[in-house]
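Colleague: I have the model open and a few things to ask. Can we go through it side chain by side chain, then move on to the fold?

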Amino acid sequence: MNNAATELKVATHACKVVSVEPLNQTTFEVELTSLKGASLGFKAGQYLQLVLDVNNDGEFQSLSYTIASRFNPKQPTCLKLIIQKTSEFSAKVLGRIHQLSNGHEQVDIRLAMGNAFLQTSLDLPHVLVAAGSGISKIKCITEEILQQRPDANIDIYWSNRSEHDFFLLDQFYDWAVQYKNLNFIPILESAGINWSGKTGFIYQVIQETLSDLSKAQTYLCGSPNMVYGTIYKLKSLGLKEENCFSDVFEFAPRDSQVAV
């Protein structure tokens with residue numbers, strides 16, 4: 001398990017909400033741009049804090065979201081987030097963001113945060129694992145890997161509870177066609193009526209499709225149970241914890257001696 005602390009400069013930027021675009025019924029892509037033309041610098045896989053007056057009552061909250069687009073030096077003032085409407089609170093957040101996109105108010109962001117950014121040798125195979133909205137981080141990391149090393153070996157696994165929870169599938173399938181060493185496998189936890197793809201736990205599907213993880217550089221995005229459980233189950237394929245990276249290691253650490 002990699003917990004290497006890296007000195008990362010965190011700065012606050014005033015931004016404008018440029019657009020809020022639906023990706024499916026509950027998922028939206030939010031584009032932000034710096035109002036002062038400042039570079040919104042970050043490393044692929046990091047997250048930011050959106051400082052938002054959710055209830056429009058003068059009380060601001062800091063909400064953490066993974067950055068869903070790679071840093072583009074040609075457009076350094078822009079970035080994208082993916083936000084899901086999964087509760088009354090998240091619905092309020094998206095409602096407030098919609099309001100900001102229609103007006104002239106600014107929203108402050110603090111970035112960049114998180115040590116589970118892309119930091120591994122692209123000469124080695126990469127296994128990228130996501131559950132639900134964790135695909136935001138995987139999307140960003142994938143974009144950066146392909147920019148740096150188009151022939152890198154990448155295996156992407158994305159699990160959801162319902163087939164309706166998937167979004168941007170065309171993007172991932174296009175990558176799998178365009179880049180011969182990239183494999184993308186969407187997974188449902190249990191079989192759906194119209195689902196013909198893989199089903200089961202993520203680790204089970206990985207065990208079915210890969211045989212040797214001894215050199216794999218693995219990025220995992222999901223709940224603590226998913227992340228720690230997947231690492232534990234995949235040790236039988238040679239997965240090494242020191243080659244694993246996840247934000248879970250920071251916000252929900254566990255004693256390395258405790259079995260999952």
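Colleague: Is K235 buried or partly exposed?

Modeller: K235 is partly exposed, at 39% relative accessible area. The cut-offs are under 20% for buried and over 50% for exposed, with partly exposed in between (1.4 Å probe, protein chains only).

Colleague: What kind of model is this, and how are things counted?

Modeller: It is a predicted model, where local features need pLDDT of at least 70 and side-chain atom pairs pLDDT 80 or more, while totals for chains, interfaces and linings use all residues. Numbering starts from 1 along each chain as its sequence is written, and side-chain values use heavy atoms, without hydrogens and water.

Colleague: Back to K235. Which side chain does it meet in a salt bridge?

Modeller: That of E241, at 2.9 Å, N to O. A salt bridge here is a side-chain nitrogen of Lys or Arg within 4 Å of a carboxyl oxygen of Asp or Glu. E241 is buried, with a relative accessible area of 13%.

Colleague: How many salt bridges are there in the whole structure?

Modeller: The search finds 10. Among them is the one between K137 and D247, at 3.2 Å, N to O. K137 lies in helix 2 and D247 in the loop between strand 12 (244–245) and helix 6 (248–251), so the pair links parts of the chain 110 residues apart. Both K137 and D247 are buried. Helices (H or I, at least four residues) and strands (E, at least two) are DSSP runs numbered from the N terminus.

Colleague: Which residues form a network?

Modeller: D123, R149 and D151 are linked in a network of salt bridges.

Colleague: Stay on helix 2. How far does it reach?

Modeller: Helix 2 covers residues 135–148, and its 14 residues reach 20 Å from the first C-alpha to the last, close to the 20 Å expected. The expected span is 1.5 Å times one less than the number of residues.

Colleague: How many of its residues are buried?

Modeller: 12 of the 14, which leaves helix 2 mostly covered. The buried ones include I138, C140, I141, I145 and L146.

Colleague: And I135, what does it touch?

Modeller: Beyond residues up to four places away in sequence, I135 touches A130, W158, F167 and F172, with contact meaning heavy atoms within 4.5 Å. I135 belongs to helix 2 and counts as buried at 2% relative accessibility. E242, by comparison, is 107 residues away from I135 in sequence and 22 Å away in space, C-alpha to C-alpha.

Colleague: Why is strand 3 called largely enclosed?

Modeller: Because five of its six residues (47–52) are buried.

Colleague: What are its bridges like?

Modeller: Strand 3 pairs antiparallel with strand 4 (residues 61–66) over six bridges, and with strand 6 (residues 107–113) over four. L50 has L63 as its bridge partner in strand 4 and I109 in strand 6.

Colleague: Last one, the cores. How many residues has the largest?

Modeller: The largest nonpolar core has 56 residues, and those with the most contacts inside it are L32, L50, L52, L79, I97, I109 and L111. A core is a set of buried Ala, Val, Leu, Ile, Met, Phe, Trp, Tyr and Cys residues joined through side-chain atoms within 4.5 Å. Helix 2 supplies the largest share of this core, six residues. A second, separate core has 24 residues, including L213, A216, V227 and L237.

Colleague: What is L79 in contact with?

Modeller: Leaving aside neighbours within four places in sequence, its contacts include V30, L32, L40, F42, L48, I67, I109 and L111.

Key: Pairing = 2+ DSSP bridges.
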